[in-house]
Amino acid sequence: MAELTGEERLVEFERRIDRGEKVEPGDWMPEDYRRNLIRMISQHAHSEIVGQLPEGKWIPYAPGFRRKLTLIAKVQDEAGHGQLLYRAAETLGKTREEMIDELLSGKAKYANVFNYPTPTWADVGVIGWLVDTAAVINQTMLAQSSYGPYARAMKRICYEESFHIKQGYDSIVTLAKGTAAQRSMAQDAVNRWWYPTLMMSGPPDAMSVHSQQALRWRIKTKSNEQVRQEFVDHIVPQIRALGISVPDQECRLDGTTGHYRYSPPDWEELKRVISGDGPCNKERLEVRRKAHEEGRWVREALQAHQTRKAV
Ligand code: COA
């Protein structure tokens, strides 16, 4: 059979995508598809790894044994998600070492939200509840991604993230039903996390660089704005049911569309934070660099063991 031309391969590839087939690691794929996926999956993996830090700092201070156990389990889950995602990105031809070097050198991006501080215990609850709800809405969509290893990793991750939401929600319910000081702590955390969480779904569609191509090839199946709107529609009634206010005077249900309106976040702030200039970017990378150095002996021991096995 005659070899397909580049253009014919692209047509065939897009037909497969339109039929809803999954693309697997050994399959032919356009270089832009591969590049877009490596970019997105590696950033996602970094987010899971750095995402351990804002909450991890609260493990020694968690109020009580049960809360401490749940938080430890949650933070460990995030480390596991990072491993799964690095593995998925490796199937596309980039090594884990390259990806980690890019994170530690500050070249790689990771989710904006993990560059904000967690000064109170309520921040832990709000990350689990708001941030993980936004993550699950996005990742349930990504579980339909055309790239098989990414879609499969998302299914597992979504199960665990759904538990994280319960963990965060349970903490906030306790605070919301507690003393005036506890209620005010929960409100203050919601005030601080609202806009960073809205930013998490990415810039508006008109400003998004990669969405058009990602949607065409079903790397993602919904636009940034669709995902953000789903989050707002889902979370606003929950926040209000707990007697907490949404820190946006404009946030109200639009009877015509059936969706909540909301004021847009400051997109300049998103740009600054993801370019390395957020409140905690430097601190986060320093902690990761230190952890990487402290783990060097483990990597070297594994390498030595593998070399010995090979001879
Ligand atoms: N945090 C950090 N970077 C972000 C971001 C955010 N909330 N939103 C957008 N960006 C970055 C993009 O990565 C991209 O950077 P790059 O060109 O250097 O790679 C740039 O801003 C432009 O955004 P856009 O063109 O809209 O990127 P996108 O189509 O990849 O959409 C996401 C952005 C975050 C919605 C998308 O990458 C995604 O769904 N990622 C997987 C989920 C994930 O990483 N979750 C992390 C939390 S668990």
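What is the volume of the largest pocket? About 1100 Å³. Keep in mind that this is a predicted model.

**Stop 1: the pocket**

Select Arg39, Gln43, Met200, Ser201 and Gly202. Of the 46 residues lining the largest pocket, these are the closest to its centre. Now colour helix H2 (31-50), H4, H6, H7, H10 and H11. Each of these elements gives two or more residues to the lining. The largest share of the lining comes from H6, with nine residues.

**Stop 2: Arg67**

Move to helix H4, residues 65-90, and select Arg67 there. Is Arg67 buried or exposed? Its relative accessible area is 15%, under the 20% cut-off, so Arg67 counts as buried. Show side chains next. The Arg67 side chain makes a polar contact with that of Thr174, at 3.0 Å. Beyond its neighbours within four places in sequence, Arg67 is in contact with Ala62, Trp121, Asp170, Ser171 and Thr174.

**Stop 3: helix H8**

Select residues 180-199, which make up helix H8. Check the span. Where does H8 bend? Centre on Trp193: the bend there is about 35°. Pro196, a proline, follows within four residues.

Stay on H8 and pick out its buried residues, including Ala186, Val190, Trp193 and Trp194. Pro196 is buried too, as are Thr197, Leu198 and Met199. Finally, display the packing partners. The buried residues of H8 pack against helix H6 (121-142), helix H7 (148-176), helix H10 (224-241) and helix H11 (267-277).

Conventions:
Residues are numbered from 1 along each chain as its sequence is written. This is a predicted model: local features need pLDDT of at least 70, side-chain atom pairs count only at pLDDT 80 or more; totals for chains, interfaces and linings use all residues. Side-chain values use heavy atoms; hydrogens and water are left out. Buried means under 20% relative accessible area, exposed over 50%, partly exposed in between (1.4 Å probe, protein chains only). A polar contact is a pair of N or O atoms within 3.5 Å; within protein, one must be able to donate a hydrogen and the other to accept it, and residues adjacent in sequence count only if both atoms are side-chain atoms. Contact means heavy atoms within 4.5 Å. The expected span of a helix is 1.5 Å times one less than its number of residues. The bend at a residue is the angle between axes fitted to the seven residues ending there and the seven starting there. On a 1 Å grid over the protein atoms alone, a cavity is a set of points where a 1.4 Å probe fits but cannot get out, and a pocket is an open set with protein on both sides within 12 Å along at least five of seven lines; lining residues have an atom within 4 Å of a point. Grid points are joined across faces, edges and corners, and a volume is the space filled by probe spheres set on the points.
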